[in-house]
Amino acid sequence: MESKSDSSAATTPIISSSSSPPPPFSPRVVLTPCAACKILRRRCAERCVLAPYFPPTDPAKFTIAHRVFGASNIIKFLQELPESQRTDAVNSMVYEAEARIRDPVYGCAGAIYHLQRQVSELQAQLAKSQVEMVNMQFQRSNLLELIYKMDQQNQEQDNILSFESNDLGFLEDNSNSNSSMLWWDPLWTC
C-alpha cells in the first residue's frame with residue numbers, strides 16, 4: 001500500500017509559495033488578414049509580403065492579379081524587387097491583369113495601340129484645323145485689303161464729284177462753304 005500512496009504523491013503537483021506570478025495579461029491585437037491571405041485561405045504571417053499591397057478592404061485587386069499571374073508568381077516577383085519599387089509593380093500587375101481580362105488577345109498592347117491611334121487621329125485633326133485657320137487669316141487679310149482699296153476709290157470719286165462744272169464750263173469747288181463770294185458776283189457795288 002505504501003507504494004500506492006507514494007505513486008499518488010508523485011503524480012500530484014506540488015505548489016510552492018515561491019513560484020512566480022503569471023505574466024500580466026497583454027491584449028493581443030487581432031489583425032485581419034490581407035486580401036491575398038483571405039482569398040488563398042491561409043494564415044497571414046506577420047511579415048506577409050502581400051499584406052502592404054493588397055489590403056483587406058480591396059479584395060478585388062488581388063483577385064484580378066491572382067487570376068492572371070498566380071499567387072506564387074506574384075510573391076516571387078515582389079520578393080525579387082526592392083521595397084521602394086513594389087507598390088508600382090503591384091499597380092502595374094493589377095493594370096495588366098485588368099487589361100488582359102478585358103482583351104485576352106492583346107491585353108495592354110491593345111490599349112496602347114488604341115491610344116496611339118487616337119493620338120494620331122487628333123494630331124491629324126489639329127493639323128487640318130491649323131491649315132483652315134491659316135486660310136481664314138489669309139482670306140481675312142485679302143478682304144481687308146480689298147475693302148481698303150474700295151474705300152480709297154470711293155474717296156477719290158467723292159473728291160472728283162465735289163468739283164462740279166457750272167454753265168460756263170468752269171469747275172466749282174463745293175467743298176468751300178464760303179458762298180458769299182462767287183466768281184460771277186461783281187466786284188463793284190453801286
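The model is a prediction, and local features are reported at pLDDT of at least 70, side-chain atom pairs only at pLDDT 80 or more, while totals for chains, interfaces and linings use all residues. Residues are numbered from 1 along each chain as its sequence is written, and side-chain values use heavy atoms, with hydrogens and water left out.

The chain contains six helices and two strands, where helices (H or I, at least four residues) and strands (E, at least two) are DSSP runs numbered from the N terminus. Read from the N terminus, the order of the elements is α-α-α-α-α-α-β-β. Of the 190 residues, 15% count as buried; buried denotes under 20% relative accessible area, exposed over 50%, and partly exposed the range in between (1.4 Å probe, protein chains only). Contacts are defined by heavy atoms within 4.5 Å. Among contacts in the chain with a separation of 6 or more, 37% are between residues 24 or more positions apart.

Helix H3 spans residues 59–69. Its buried residues are Lys-61, Phe-62, Ile-64 and Ala-65. Viewed down the axis of H3, these buried residues fall within an arc of 160°, so they line one face of the helix; the arc is taken over the directions from the helix axis to the C-beta atoms. The buried residues of H3 pack against helix H2 (35–40), helix H4 (71–80) and helix H5 (83–102). After H3 comes Gly-70, which has a positive phi near 90°.

Lys-61, in H3, is buried but has no salt bridge. A salt bridge requires a side-chain nitrogen of Lys or Arg within 4 Å of a carboxyl oxygen of Asp or Glu. For charge, Lys and Arg count as positive and Asp and Glu as negative, whereas His and the chain ends are not counted. The nearest side chain of opposite charge to Lys-61 is that of Asp-58, 5.2 Å away. The side chain of Lys-61 instead reaches the backbone oxygen of Tyr-53 at 3.4 Å. This is a polar contact, a pair of N or O atoms within 3.5 Å; within protein, one must be able to donate a hydrogen and the other to accept it, and residues adjacent in sequence count only if both atoms are side-chain atoms. Apart from neighbours within four places in sequence, Lys-61 is in contact with Tyr-53, Phe-54, Val-90, Asn-91 and Val-94.

Two backbone oxygens are reached by the Arg-86 side chain: that of Leu-78 lies 2.7 Å from one of its polar atoms, and that of Leu-81 is at 3.1 Å. With neighbours within four places in sequence left aside, the contacts of Arg-86 are Val-49, Tyr-53, Leu-78, Gln-79 and Leu-81.

A search of the whole structure gives one aromatic pair. In this pair, Phe-54 and Phe-62 are arranged edge-to-face, with 5.1 Å from centre to centre and 75° between the planes. Rings of Phe, Tyr and Trp (its six-membered ring) pair if their centres lie within 6.5 Å; planes under 30 degrees apart count as stacked, over 60 as edge-to-face and the rest as tilted. Phe-54 is buried at a relative accessible area of 0%, and Phe-62 is likewise buried at 0%.

The count of salt bridges is one. It joins Glu-145 to Lys-149, whose closest N and O atoms are 3.5 Å apart. Both residues lie in helix H6 (residues 108–162), four residues apart, about one turn of the helix. Glu-145 is partly exposed at 43% relative accessibility, as is Lys-149 at 45%.

Two further residues were examined. Glu-96, in helix H5, is partly exposed, with a relative accessible area of 35%. Its contacts beyond four places in sequence are Phe-69 and Cys-108. Glu-96 and Ala-109 are 13 residues apart in sequence and 9.5 Å apart in space, C-alpha to C-alpha. Arg-41 is found in the loop between H2 and H3 and is exposed, at 78% relative accessibility. Arg-41 has a positive phi of about 55° although it is not a glycine. Most residues other than glycine have a negative phi.
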